[in-house]
Amino acid sequence: MSVDLRTTYLGLELNNPIVASASPLTGHVESLKRLEEAGVAAVVLPSLFEEQIEHERMESYAVQELGSGAFAEAMSGYFPDVPATVSRSEAHLDLIAQAKRALSVPVIASLNGTTVGGWLAYAEAMQEAGADAIELNVYFVPADPTETSAQVEERYVNLVQVLASRISIPLTVKMSPFFSAPANMALRLIDAGAHGLVLFNRFMQPDIDLETLAVTPNIQLSTPAEVRLPLRWIAILREHVTASLAATTGAHTSEDVTKLLLAGADAVCIASALLRNGPGYVERLTSGLRTWMTEREYASVEQLKGSVARAAVQDPNAYERANYMSALTSFTPRPHTP
Ligand SMILES: Cc1cc2nc3c(=O)[nH]c(=O)nc-3n(C[C@H](O)[C@H](O)[C@H](O)COP(=O)(O)O)c2cc1C
């Protein structure tokens, strides 16, 4: 029996549910091509950051100011003759255009920032460069104790509203799991104009170097145990949203992918497992999924999707507190020798 792995994500028809999540692997045309050859269904390019864009805008403003002060010609509209360097933002737009030319799978561009501002204009530029959709990553650490949860939520909603009003391609939001009411927040982001959500953004936690006492931002790849967080929330949210839901964080094996689809994901975005195993690993993921589906006589991913979501299971509480209580009480500690 042949199985149909196709799925729809953000209105885009994908050949299968595996999406290469934003990472250094998606930042070069060569590795993007290798991902496509291995069967990836879509790619998310690395983020263009608010700080990068704003820094370049300030630099370009400073250059203009320098010009007007230093030369009399400035009065008649002279613009200083700066060396023709390509800014990171321009290089990023160029990567989108190159990826579009080199690949036939959808190319999703990523914007990463926290405030409503001029930098959001890059969404339009990304659309013009050919991006099929935009992923917004609001990597915000609410460290100010005077900022309330309502204000943090407004920040997200405003960003999505502004961005959605500027582009005609689909917008998806890679959201944080750290809300008091993640399900309510998810619905509000969709109301604000998001066509999909990516659950969840994985925050890099800082470390302290005991030799130098410096705070070090060293990156650690995810572990398979982390997949349980998106699994739960996708299962809970599936019955409440018709918008697309993609999973990210902790999906390492074809079993993880299968579980996330059963919970209700439309697509599964993968970074750590591809960084560890290389682009060719995509093939292992799709073939593992195909084998599992064949053995259980699932004809299509569409049929599989959401069949173990909260609304579909006998005991929906298993995704909530009941799961916690029974897990705690059924745990048997291993005997330890003194
Ligand atoms: C080295 C590295 C670079 C990343 N760069 C980005 C990025 O530019 N933008 C973004 O939204 N996420 C970025 N991520 C996060 C991944 O896209 C992904 O969401 C996260 O690693 C969780 O998925 P995983 O468990 O499959 O790794 C990066 C992750 C890693 C490990």
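Here is a chat about the barrel, its helices, the core and one loop.

Student: First off, is this predicted or experimental?

Tutor: This is a predicted model, so keep that in mind as we go.Student: Okay. In what order do the barrel strands go?

Tutor: The order is 3-4-5-6-7-8-11-12, with eight strands closing the barrel and parallel pairing. From one strand to the next, the twist averages 25 degrees.

Student: How many bridges are there between strand 3 and strand 12?

Tutor: Three bridges, in the parallel sense, join strand 3 (residues 18–20) to strand 12 (residues 267–270). Within that pair, Ile-18 stands opposite Val-268 of strand 12.

Student: And which strands does helix 6 touch?

Tutor: Helix 6 (residues 182–191) packs on the sheet and touches strand 7 (171–175) and strand 8 (196–199). The direction of helix 6 makes about 155 degrees with that of strand 7.

Student: Switching to the core: which residues have the most contacts inside the largest nonpolar one?

Tutor: Those are Val-19, Val-43, Ile-234 and Val-268, in a core of 90 residues. Helix 7 (residues 228–237) gives the largest share of this core, six residues.

Student: How many residues of helix 7 are buried?

Tutor: Seven of its ten residues are buried, leaving helix 7 mostly covered. Among them are Pro-230, Trp-233 and Ile-234.

Student: What do those buried residues of helix 7 pack against?

Tutor: Their partners are helix 6, strand 8, strand 11 (244–248) and helix 8 (254–263).

Student: You mentioned Ile-234. What does Ile-234 touch?

Tutor: Leaving out residues up to four places away in sequence, Ile-234 touches Leu-199, Leu-245, Ala-247, Leu-260, Ala-263, Gly-264 and Ala-265.

Student: Now helix 4. Which of its residues are buried?

Tutor: In helix 4 (residues 122–129), Tyr-122, Ala-123 and Met-126 are buried. Viewed down the axis of helix 4, the buried residues fall within an arc of 105 degrees, so they line one face of the helix.

Student: What follows helix 4?

Tutor: Gly-130 does, and its phi is positive, near 115 degrees.

Student: Last one: where is Pro-145?

Tutor: Pro-145 is in the loop between strand 6 (133–137) and helix 5 (149–166).

Student: Is Pro-145 buried or exposed?

Tutor: Pro-145 is exposed, because 6 other C-beta atoms lie within 10 Å, and 12 or fewer counts as exposed. The C-alpha atoms of Pro-145 and His-252 are separated by 36 Å, with the two residues 107 apart along the chain.

Terms used: Residues numbered from 1 in each chain as written. Predicted model: local features only at pLDDT ≥ 70, side-chain atom pairs only at ≥ 80, totals over all residues. Pairing = 2+ DSSP bridges. Helix = DSSP H or I, 4+ residues; strand = E, 2+ residues; numbered from the N terminus. Axes fitted to C-alpha atoms, helices over the stretch in contact; angles between N-to-C directions. Contact = placed C-beta atoms within 7 Å. Buried ≥ 20, exposed ≤ 12 C-beta atoms within 10 Å, placed from the backbone. Arc of directions from axis to C-beta. Core = buried A, V, L, I, M, F, W, Y, C linked by C-beta atoms within 7 Å.
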